Amino acid sequence: MGTPTLGHYLVLSGLLFAIGLAGVIARRDLLIMYMCLEIMLNAANLSLVAFSRFTQQVRGEVFVFFVITVAAVEVAVGLALLVSLYRMKRTTKAEEITALKF
Amino acid sequence: MAWLLLLAPLSSAFLVWVALRRHPRASQAVSITASLITFLTALGIALGRIEAPASLAWIDLPGLRVEIGMTLDALARLMLLMVTGVAFLIHVYSLGYMAEDPGRGRFFGELSLFLASMIGIIVATNFVMMYIFWELVGVSSYLLIGFWFEKNSAADAARKAFLANRVGDFGFLLGILTFWATCGTVAFHPEAARALAGNWLAPIVGLLLFCGCVGKSAQIPLHVWLPDAMEGPTPVSALIHAATMVAAGVYMLCRIFFVLELSPEALSVIAWTGGITALVAALIATQQNDIKRVLAYSTMSQLGYMVLAVGCSGTTAAMFHLTTHGFFKALLFMGAGSVLHALHHEQDIWRMGGVGRKMPLTFVTFGIGAAALSGIPGLAGFFSKEEILQVAARSQPVLFWMAAFTAALTAFYMTRITLVAFLGQPRTDVVRHAKESPLVMGLPLIVLAGLAIVAGYPFFGIVRYLGGQEAGENSLLVPAASLTAVILGLVAGAIGYGRASREPIAIPLFQRKFYFDEIYDWTVLKLQEESARLLSWIDQWIIGFVLVRGGAFVVSLGGEVLRLVQAGNLREYAFVFALGAGGLLFLLFGR
Amino acid sequence: MEGFLFWFLAVVLLGSAVAVVVNRSPVASALSLVTTILALAGLFGLLGAYFLAAVQVWVYAGAVMVLFLFIVMLLDLKAEEAAPIRTLGMGAGLLTVILLGAGFWHAIPASAWEANGARAEEANNAASIGHLLFGAYLLPFEAVGLLLLVAMVGVIVLSKRDV
């Protein structure tokens with residue numbers, strides 16, 4: 001087990017992203033889909049940090065900082081939407097929410 | 001000062017239209033004052049006291065400069081003098097003729113508008129300005145023909161005149177545009193037309209411009225409106241449809257002769273059109289019973305003479321005849337109008353007879369006009385017709401013989417209406433109670449009769465004013481032929497109608513005006529309706545069904561198919577999106 | 001040592017991520033997500049991004065996950081537990097994983113495997129990030145602050161029944 005290179009990290013990030021996306025596609029509950037979205041965001045973060053480390057630039061980490069902030073915002077707003085959706089439809093199944101207007 | 005020519009009648013028309021329509025006396029006064037001012041200005045210009053003003057640039061773009069200006073050369077000055085003079089006399093005459101018409105305020109306003117537009121045509125310095133006033137003349141002619149619009153026939157005649165003129169004007173407009181596209185200017189400058197010299201477009205431009213003349217000067221085949229235009233009040237017929245507006249076409253040909261002379265082909269088409277119109281109209285005139293229609297066809301015929309002269313490169317002859325014809329034809333129409341006024345608008349010559357004894361002044365002046373028109377030596381018409389025949393004899397011998405024959409016909413039909421209407425025994429009660437018209441109507445007759453006598457003599461100076469005769473030898477054959485023709489016509493008329501109380505011979509072809517109206521009706525009914533039906537079918541089935549509804553059907557079908565994909569399921573979207581993203585990765589980095 | 005830590009964390013990361021996807025119970029999914037995030041924080045630390053590792057733990061494992069769990073408790077999601085995961089969805093998911101994974105594999109340049117550069121010699125990692133944040137990236141930083149404010153207002157508006 002030698003020292004991991006940039007390639008290792010990128011493959012790891014890609015796999016994590018794919019798993020997240022697979023979750024978004026496979027799961028039917030909006031809440032779980034949200035979690036998978038978070039996984040995908042984190043995968044992107046991992047590759048950013050790895051690039052930052054291997055090219056000796058702090059800028060990548062600044063981006064990650066922004067991504068984390070925006071992700072937090074997204075979760076907050078998204079979950080609030082989810083709650084109000086649930087209040088109206090009594091469900092969080094993606095299949096059952098197919099119209100933009102009720 | 002010269003702007004008064006346009007401003008006086010325009011402001012009169014404006015004033016009448018805005019404020020005085022319901023005040024006949026005031027509008028009469030305004031309109032007559034305006035026409036007098038115009039006439040005096042024209043006189044001042046002709047005597048050289050008033051100079052042409054500087055042009056105003058109206059449109060000034062790269063490649064297009066349109067000016068509002070005034071051309072005051074000999075041609076324009078002569079025409080101005082004739083038009084304003086006749087117009088003034090007719091304004092005065094209308095005082096009497098229209099005295100009992102409640103709408104005469106409007107009538108005088110429209111006369112002023114017409115006068116302004118006519119002057120605009122005369123002084124125009126370029127094609128665009130001429131076209132504007134050309135159309136204005138068409139509009140005022142429409143208004144005046146339809147003056148008694150409550151009569152259906154008058155309204156129809158007005159529409160017919162307008163439409164026939166539109167057809168000609170469209171050609172005129174195309175001609176102007178082609179001229180502008182080729183020469184890069186719209187001004188009347190002989191140098192400007194240099195680009196056309198030897199160009200294959202030259203005959204096309206010439207003939208397109210001639211279309212305007214065909215419409216306005218009632219040449220075959222667009223002549224059908226002129227006889228119907230006699231539905232208008234008689235002063236209008238005298239002013240517009242005899243002396244001035246219909247002459248505008250001929251004047252325009254003279255004005256743009258620098259374009260026409262570039263193409264011998266166009267000139268010969270013009271000459272033939274004129275010659276045929278002259279002959280056909282004269283033939284029709286011999287069998288008409290309505291006194292105004294006879295005069296209308298006679299006008300057409302004389303206009304044909306003028307167009308023939310232009311086609312034979314005789315612009316001076318054309319303008320000479322235009323001027324003398326303006327005098328004696330206005331005289332004839334006003335004489336006829338005076339008769340109609342006395343006979344309570346009885347227009348059929350077979351219901352007159354012996355009018356001459358009741359109305360001596362009208363009879364004498366009408367007789368002078370008829371003699372002048374017939375070309376009896378010593379009167380104006382003789383000299384000017386002679387000029388035209390000379391020009392024709394020089395360049396188009398066939399047309400010369402046609403024109404000489406037309407001269408005989410002219411003498412014949414003028415003898416006919418004079419004899420039938422003015423001599424013999426009164427045939428109806430209306431005639432027996434007829435009285436001479438008032439002095440306001442008599443005075444213009446006297447003035448015009450005087451002009452119809454003297455205008456042709458060399459000392460009156462019309463030809464000299466225009467810059468002399470066209471060069472070329474005058475053959476002795478011409479006066480001989482025309483004299484013979486006149487005498488033949490007179491004698492034939494006298495024999496045929498000396499004692500007749502009804503038509504001795506009837507020729508349906510001439511009575512029905514060569515069936516032009518019927519032919520046009522048929523064309524409209526059959527051809528146009530059939531083509532309209534075809535177009536409607538195309539519109540309904542090809543455009544409406546296949547293109548419009550078919551297009552809509554294909555789009556909505558596509559929508560229905562695509563709707564299956566857009567079920568609103570988030571996960572499907574995510575999946576498709578992922579496939580797209582993966583595909584993009586392979587596209588970008590695939591090795 | 002670094003190699004061992006990397007592989008260990010990588011296995012934990014992927015394993016817990018798969019657990020998030022396949023677990024029936026939302027609570028279990030949420031807890032697996034916490035594990036994923038912690039493993040990722042470890043990897044950040046391994047890469048020398050100590051500040052981000054700390055932020056990751058605070059913000060994600062702390063705030064965001066608490067929010068998730070709170071919502072899970074708030075909504076009655078028993079039904080989800082009973083519902084089977086459809087094979088079609090699973091197949092599509094797997095296909096995606098394979099496709100994207102291969103795509104990423106392709107996309108990684110060969111040079112990446114040699115990029116075994118030295119660790120960034122910026123001992124004071126947090127300080128340098130701070131300099132960038134309040135220097136070159138001041139405007140985006142303020143914009144993100146505003147975004148947070150807007151989100152806060154938006155969440156309040158959305159959650160109240162009658163505004």
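## Salt bridges and a helix in a predicted model

User: How many salt bridges does a search of the whole structure find over all chains?

Analyst: This is a predicted model, so the count comes from its computed coordinates. Searching the whole structure, over all chains, turns up a total of 15.

User: Which residue's side chain meets Glu231(B) in a salt bridge?

Analyst: Glu231(B) sits in the loop between α8 (225–228) and α9 (234–243) of chain B. Its partner is in the loop between α5 (127–145) and α6 (152–183) of chain B, 80 residues apart, and the pair links distant parts of the chain. The N to O distance is 3.5 Å, and the partner is Lys151(B).

User: Are Glu231(B) and Lys151(B) buried, partly exposed or exposed?

Analyst: Buried needs under 20% relative accessible area and exposed needs over 50%. Glu231(B) comes in at 22%, while Lys151(B) has 36%. Both values fall in between, so Glu231(B) and Lys151(B) are each partly exposed.

User: How are Arg159(B) and Asp156(B) placed relative to each other in helix α6 of chain B?

Analyst: Their side chains meet in a salt bridge, 2.8 Å from N to O. In an α-helix there are 3.6 residues a turn, so residues three or four places apart point the same way. Arg159(B) and Asp156(B) are three residues apart in α6, so the separation is about one helical turn.

User: What are the relative accessibilities of Arg159(B) and Asp156(B)?

Analyst: Both residues of this salt bridge count as partly exposed, Arg159(B) as well as Asp156(B). The values are 46% for Arg159(B) and 42% for Asp156(B).

User: How far apart are the closest N and O atoms of Asp429(B) and Arg432(B)?

Analyst: Both lie in helix α19 (residues 429–432) of chain B, three residues apart, or about one turn of the helix. Asp429(B) is partly exposed at 49%, and Arg432(B) is partly exposed at 39%. They form a salt bridge, with the closest N and O atoms at 2.6 Å.

User: Which residues are linked with Lys160(B) in a network of salt bridges?

Analyst: Side chains of opposite charge can pair when their charged atoms come close. Here the pairing runs through a network, and Lys160(B) is linked in it with Asp228(B), Arg293(B) and Asp517(B).

User: Over to chain C: what covers the buried residues of α1(C)?

Analyst: Helix α1 of chain C runs over residues 2–22 and reaches 30 Å from its first C-alpha to its last, close to the 30 Å expected. Its buried residues include Phe6(C), Leu9(C), Leu13(C) and Val20(C). The cover includes α1 (6–26) and α2 (30–54) of chain A, together with α2 (26–46) and α5 (87–107) of chain C.

Note on methods:
Residues are numbered from 1 along each chain as its sequence is written. Chains are lettered from A and ligands numbered from 1 in the order in which they are written. This is a predicted model: local features need pLDDT of at least 70, side-chain atom pairs count only at pLDDT 80 or more; totals for chains, interfaces and linings use all residues. Side-chain values use heavy atoms; hydrogens and water are left out. Helices (H or I, at least four residues) and strands (E, at least two) are DSSP runs, numbered from the N terminus. The expected span of a helix is 1.5 Å times one less than its number of residues. Buried means under 20% relative accessible area, exposed over 50%, partly exposed in between (1.4 Å probe, protein chains only). Contact means heavy atoms within 4.5 Å. A salt bridge is a side-chain nitrogen of Lys or Arg within 4 Å of a carboxyl oxygen of Asp or Glu.
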